[in-house]
Amino acid sequence: MTYDEIFAMIQENDKQFMKPVDEMTNREIVEEYVLHGLNYLEPSDVLEAFNDEPENIMGEEQIAFYNSIPDQVEIYRGCSYDEVEESGVPEGISWTLDYKVAEFFAYRYGDENGCIVKAIVPKTDIRYATNDRNEKEVIVLEVDECEVVSHGETDYDPAEYHKYLETTA
């Protein structure tokens, strides 16, 4: 079985347990995206949900975490260099306030094509914030400019990431 076949099977299985998107609140769509990614959600539904008012899509803990963020903040994204090579800006909307978390997402598969990008954004650009998994995740729908701060070979050990998360809990 190929990776694509396994992924399609997982997506199809997940659909069984989820109610139709048109019956979901924006908060449910946001939570589903944060936990599982796009998988079976349409990007347009996710973007629409993130454009709702923060109090409609974040719980008390997320709002408290959001309120702790400074007015201007450095954000990081770990991704494939292919994602930033053409436009200079990653395609994804999930970022982190923590360099170590971005490092994990960039290099978790030992891929030499991984990279970490950094951007500085105003807090008002952050549509959602959570530290539920100690990842200091923020959702920023559009980043105009960023800088590649790490790319290529690394001695990164993904096992170190789990140890790190335990120390930040």
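**Close-up views of a predicted protein model**

**View 1. Helix α2 passes helix α3 in a left-handed crossing.** A crossing is left-handed if the near helix is turned anticlockwise from the far one by less than a right angle, and right-handed if clockwise. The two helices, α2 and α3 (residues 43–50), pack at an angle of about 115°, and their axes lie 9 Å apart. Axes are lines fitted to C-alpha atoms, for helices over the stretch in contact, with angles running from 0 to 180 degrees between N-to-C directions. From α2, residues N26, I29, V30, Y33 and V34 meet D45, V46, E48, A49 and F50 of α3; contact means heavy atoms within 4.5 Å. By class, this contact holds 7 nonpolar, 1 polar and 2 charged residues (Ala, Val, Leu, Ile, Met, Phe, Trp, Tyr, Cys and Pro count as nonpolar, Asp, Glu, Lys and Arg as charged, and the others, Gly among them, as polar).

The structure is a predicted model, in which local features need pLDDT of at least 70 and side-chain atom pairs count only at pLDDT 80 or more, while totals for chains, interfaces and linings use all residues. Residues are numbered from 1 along each chain as its sequence is written, and side-chain values use heavy atoms, with hydrogens and water left out.

**View 2. Helix α5 (residues 60–67) has Q62, F65 and Y66 as its buried residues.** Buried means under 20% relative accessible area, exposed over 50%, and partly exposed in between (1.4 Å probe, protein chains only). Seen down the axis of α5, the buried residues fall within an arc of 100°, so they line one face of the helix; the arc is that of the directions from the helix axis to the C-beta atoms. The buried residues of α5 pack against α2 (26–36), β4 (126–130) and β5 (137–140). On the other side of α5, residues E60, E61 and N67 are exposed.

**View 3. Cysteines C79 and C115 are in no disulfide.** A search of the whole structure finds 0 disulfides, a disulfide being a pair of cysteine sulfur atoms within 2.5 Å. For C79, the nearest cysteine sulfur is that of C115, 3.9 Å away. C79 counts as buried at 6% relative accessibility, and C115 is buried with a relative accessible area of 0%.

**View 4. The protein contains 8 helices and 6 strands.** Helices (H or I, at least four residues) and strands (E, at least two) are DSSP runs, numbered from the N terminus. Along the sequence, the pattern is α-α-α-α-α-β-α-β-α-β-β-β-β-α. Buried residues make up 40% of the 169 residues.
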